[in-house]
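Look it over, then read on.

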Amino acid sequence: MPTLDPHPPGLLILRSPAAARLGVIAVLLGTWEIAAGWFVDKMFLSPPSQVFGSLDVVLRTPGVTEALKLTFSQIGAAFTISVAVGLAVGLALGFHRFSHRSLLPIVLLLYGIPQVTILPLFILYFGIGSASKIAFGVSHGIFPIVLTTAAGAQNIKPILLLSARSMGASSAQIFRWVVFPHMIPSFFAGMRLGMSGVLLGVLLAELYVSQAGIGYFTTLFTQSLDPTKLLGLVSLLAAMAIALNELVRRAETRFSRFRSV
Amino acid sequence: MSKNSDAAARERLVARAAQGSFLAGLVVLWYLATNAWDVSPLLLPKPQAVMRELGSVLRSGEFVGDLRITLGELGAAFAISATGGLVLGYCVSQSRYWTRVLEPLLSAVYAIPIILFLPLYVLFFGLGPASKIALGATISFFPIALSTVAGFASVEPIYVTAARSMGCSSYQLFRWVLLPAALPVILTGLRMGFTVALLAILGSETISSVAGLGHRIVSLGENMHMARMFAYILFVVAIAVSLNAVVSALELRGRRTY
């Protein structure tokens with residue numbers, strides 16, 4: 001008899017954590033909807049139904065799609081530079097024993113500086129255009145890449161190098177078949193950390209001063225007390241950030257598998 | 001053996017010398033660029049001018065007001081996020097089911113650069129300290145909550161079973177088994193939370209505020225008082241680095257106690 005079942009069928013669905021997770025999100029959105037609908041001033045908070053319903057209005061605001069594209073290309077440029085330079089510096093620090101011991105503490109020292117305090121200097125030197133956003137993104141993204149790459153190069157077991165050499169492998173062969181596969185996981189871990197750094201740096205610089213990027217529009221929507229558009233734009237950006245993070249995380253899990261082969 | 005350690009000591013010495021000469025080289029380059037090569041003082045002020053301004057800032061004590069605001073915001077934000085993160089993290093970690101439901105949600109939000117929400121916080125809480133406290137508390141909540149969940153989840157079940165079967169009370173279990181086992185992970189989370197809260201507060205003061213150290217740097221820059229601005233940057237960097245050093249030392253000490 002179904003009446004003997006202590007769990008009614010309606011609640012059975014909550015036994016799966018994924019379904020319950022969606023339930024939690026639904027409850028949060030519902031709370032937001034009710035709070036915005038009945039308790040909070042319309043000038044400051046819009047209900048989610050209205051925010052997500054008017055995403056197309058945000059996108060049709062003149063300049064917003066261009067601003068999103070601009071920010072996206074700044075993130076891309078900053079990430080490319082961070083990976084290229086960070087990889088080169090990280091490899092140099094990782095494989096050259098002396099530069100590792102003498103220069104790594106300097107890199108750590110620079111990494112320890114709270115970079116937001118020098119954000120005004122980036123604007124001063126690189127102008128208020130894209131260059132300062134890219135430079136600030138690089139300054140946040142490059143350090144984790146340098147540090148993880150250097151650590152990855154350091155962590156190769158000497159016995160692997162020794163055995164490869166004693167079996168007569170050339171330097172190029174050692175790099176291709178021993179060092180390179182070993183570096184891959186730490187390289188992708190560095191890419192993931194670098195991506196979150198780049199996102200943080202570019203968005204900080206955008207919010208600080210911006211003429212045509214998303215920072216311009218967040219300021220505009222804040223000052224014109226337009227929470228629907230502001231929340232819409234911020235959700236779009238959050239979605240973009242989640243997608244970019246997810247992309248590098250997927251790449252990390254995918255390519256890290258190949259070490260165990 | 002002693003030959004080896006001699007070589008290592010010599011290498012350490014040379015490495016230290018290389019670091020020292022790198023930093024000294026930077027200062028010399030700064031001095032030459034501003035004094036001999038005519039770099040505009042609006043882009044890069046002279047080091048001696050910056051030192052003079054730093055002296056005057058420290059002597060006059062004009063930094064006290066801004067420092068008090070920034071540290072007050074930091075304290076409030078960290079108190080909120082530490083309380084909330086520890087309580088929520090502990091509650092979630094007590095149930096396997098809720099850990100599996102909520103932990104992925106928390107780490108998904110943690111992956112978003114929360115600084116994005118600063119315009120919303122300014123809209124809700126205004127330009128004053130409240131928006132900085134709220135943003136700092138939000139940003140530092142996630143590492144603290146996540147590491148609390150991870151810390152309590154990492155306790156070996158066999159310890160709990162053993163303690164229970166020896167008849168200890170819930171409080172004893174928490175005080176002598178769960179807490180010592182989870183503490184190292186939690187302390188790391190608290191340190192990370194403190195660091196990101198400091199960064200978030202300095203960042204939001206820089207972006208939009210009316211007071212605080214971040215705001216002071218920006219307003220000096222906007223008024224072209226470059227030497228004084230550099231002096232404040234050095235001051236804030238020194239404060240931030242020493243706060244982080246203190247927190248790391250506390251973390252290390254907390255780990256050793258257990």
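Take the contacts in chain A between residues at least 6 apart in sequence: 77% of them join residues at least 24 apart. This is a predicted model.

Chain A is built from twelve helices and zero strands. Its pattern along the sequence reads α-α-α-α-α-α-α-α-α-α-α-α. Read along the sequence, chain B gives α-α-α-α-α-α-α-α-α-α. The radius of gyration of chain B is 24 Å, well over the 18 Å that the globule rule gives for 258 residues, so chain B is more spread out than a compact globule. Chain A has a radius of gyration of 24 Å, while a compact globule of 261 residues would have one near 18 Å.

The table sets out the overall values.

| Chain | Residues | C-alpha span along principal axes | Buried share |
|---|---|---|---|
| Chain A | 261 residues | about 75 × 70 × 30 Å | 38% buried |
| Chain B | 258 residues | about 75 × 65 × 30 Å | 38% buried |

## Where the chains meet

## A helix pair in chain A

Stay in chain A for one packing contact. Helix α5 (residues 64-95) packs against helix α8 (residues 130-154) at an angle of about 35°. The axes of α5(A) and α8(A) are 6 Å apart. Is their crossing left-handed or right-handed? The crossing of α5(A) and α8(A) is right-handed. The residues of this contact divide into 20 nonpolar, eleven polar and one charged.

## Helix α10 of chain B

Now turn to chain B. Helix α10 (residues 226-257) of chain B has 32 residues. From first C-alpha to last, α10(B) reaches 46 Å, close to the 46 Å expected at 1.5 Å a residue. Which residues of α10(B) are buried? They are B:Met226, B:Ala227, B:Arg228, B:Met229, B:Phe230, B:Ala231, B:Tyr232, B:Ile233, B:Phe235, B:Val236 and B:Ala240. The cover over these buried residues includes α2 (47-60), α3 (63-93), α8 (170-207) and α9 (213-222) of chain B.

## Helix α2 of chain B

One of those covering helices is α2(B). Its 14 residues should span 20 Å at 1.5 Å a residue, and its end C-alpha atoms are 20 Å apart, which agrees. Just after α2(B) comes B:Gly61, with a positive phi of about 70°.

B:Leu58 sits in helix α2 of chain B. Why is B:Leu58 counted as exposed? B:Leu58 has 12 other C-beta atoms within 10 Å, and a residue is exposed if that number is 12 or fewer. The C-alpha atoms of B:Leu58 and B:Ala145 are separated by 38 Å; along the chain these residues are 87 residues apart.

## Helix α5 of chain B

Helix α5 (residues 118-125) of chain B is mostly covered. Six of its eight residues are buried. These are B:Leu118, B:Pro119, B:Leu120, B:Tyr121, B:Val122 and B:Leu123. After α5(B) comes B:Gly126, whose phi is positive, near 85°.

## A residue in helix α8 of chain B

B:Thr188 lies in helix α8 of chain B. B:Thr188 has 17 C-beta neighbours inside 10 Å, so it counts as partly exposed. Leaving aside neighbours within four places in sequence, B:Thr188 is in contact with B:Ser147 and B:Glu251. B:Thr188 and B:Ser107 are 81 residues apart along the chain, and their C-alpha atoms are separated by 16 Å.

Key. Residues numbered from 1 in each chain as written. Chains lettered and ligands numbered in written order. Predicted model: local features only at pLDDT ≥ 70, side-chain atom pairs only at ≥ 80, totals over all residues. Helix = DSSP H or I, 4+ residues; strand = E, 2+ residues; numbered from the N terminus. Expected span 1.5 Å × (residues − 1). Buried ≥ 20, exposed ≤ 12 C-beta atoms within 10 Å, placed from the backbone. Contact = placed C-beta atoms within 7 Å. Axes fitted to C-alpha atoms, helices over the stretch in contact; angles between N-to-C directions. Left-handed = near helix turned anticlockwise from the far one by under 90°. Nonpolar A, V, L, I, M, F, W, Y, C, P; charged D, E, K, R; others polar. Rg over C-alpha atoms; globule rule 2.2 N^0.38 Å.
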